[in-house]
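Hi,

Here's the structure I said I'd pass along.

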Amino acid sequence: MIFELVILGNSSATPTISRHPSAQYLRMLDHHFLIDCGEGTQMQMQRYKIKKSRLKHIFISHIHADHMLGLPGLLFSMNLMQRTDPLHIYGPAVLFDILDLFIASTDNPIHFEIIKHVTNSDKREVIFEDTTIKVTSFPLYHRVPTTGFLFEEQTNLKKLNVDNCKRHNIPFTHYTDIKRGKDYVSADGKTVIKNRELTIENPNPLSYAYCSDTVYDDRVIEQIKGVDMLYHEATFKHDKLERALQTMHTTALQAGMVAKLAEAKQLIIGHFSSRYDNLMELPEETQQEFPNSFLAYEGERFIRE
Ligand SMILES: [Zn+2]
Ligand SMILES: [Zn+2]
């Protein structure tokens, strides 16, 4: 498995008895990312068996409470667990002002390093890059400075020939090296399988875009053109368009239009208003514009090999 997205929360501002605010765990190759961190995120991580210790990068789209209230609690839990690894946090400048004040005001200093990356909601920027993955932030259009995030496999990576990897019983832990072009060598050195046996060329590297929260705006479409998997907020149904415009959110129908115009391959919608008990009404509306649309159920895992 090289791509795994787990929905930890799908509710907008008000949590409900069965739904939590925005948070997603994303694994791409060797990276374990957390995207947004609404209230209750660390309990959701426990529920879905995601280890806090694995996280090295946390991306916060904006400062609204339903996207960041869980972060101080998560940091203090990491501290209690004796974390020593540095943690990279990406978000608007004011996020770090709040965290600094909060941490300085308690008698529990954080013992691991927090590396702050201030995002810019005015322009597109590459905010993280290594040999396997690139992460780009881009402007969204909301009531406070907000960015979306685009996660892309680097173009130099090959695509796994999954059938051949399974046939040769290649352990998952070797997948990233194989995608980088290395041959497989077993631990005892007795088995060597050439890279060309285990890979195929990869003309379309995998990509995932996260768009929450934003009013419908054509400029977002340019930022995510051709993305494989798109997560987009769909706070209201289209009969509440006026409310969506007032609060700078998107309707389910508009989310489908974004996916269609961006030529995305798959759409996942979330960030639903607590007014909706039957969430299936929302993807039904989205599918009028973009049939390959799915609901972000909490606990749902979207996987690609
Ligand atoms: Zn929100
Ligand atoms: Zn918001």
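For the metal site, I counted as donors the N, O and S atoms within 2.8 Å of the metal, and water is not among the atoms, so sites may look incomplete. Keep in mind that this is a predicted model.

With that in place, the zinc ion (ligand 1) has these protein donors: Asp66 (OD), His67 (NE2), Asp213 (OD) and His271 (NE2), at 2.1 to 2.2 Å. Along the sequence, the donor residues follow the spacing D-H-x145-D-x57-H. The geometry is irregular, because the four donor atoms subtend angles of 91 to 167° at the zinc ion (ligand 1), and four donors count as tetrahedral only if all angles lie between 85 and 135 degrees.

Asp213 also bridges to the zinc ion (ligand 2), with 3.4 Å between the two zinc ions. His67 sits in helix H2 (residues 65–68) and Asp213 in the loop between strand E14 (207–211) and H8, so this pair ties together parts 146 residues apart in sequence. Both are buried: His67 has a relative accessible area of 0%, and Asp213 comes in at 1%.

The other thing I looked at is helix H10 (residues 252–261). Seven of its ten residues are buried, so the rest of the structure largely encloses it. Those seven are Ala252, Leu253, Gln254, Ala255, Gly256, Val258 and Ala259. Among the elements covering them are helices H8 (218–223), H9 (241–247) and H11 (281–289), along with strands E15 (229–233) and E16 (266–270). After H10 comes Glu263, with a positive phi near 55°.

Cheers

Note on methods
Residues numbered from 1 in each chain as written. Chains lettered and ligands numbered in written order. Predicted model: local features only at pLDDT ≥ 70, side-chain atom pairs only at ≥ 80, totals over all residues. Heavy atoms only, no water. Buried < 20%, exposed > 50% of the residue type's maximum accessible area, 1.4 Å probe, protein only. Helix = DSSP H or I, 4+ residues; strand = E, 2+ residues; numbered from the N terminus. Contact = heavy atoms within 4.5 Å. Donors = N, O, S within 2.8 Å, 3.2 Å for Na, K, Ca; no water. Tetrahedral: all angles 85-135°; square planar, octahedral: opposite > 155°, others 65-115°.
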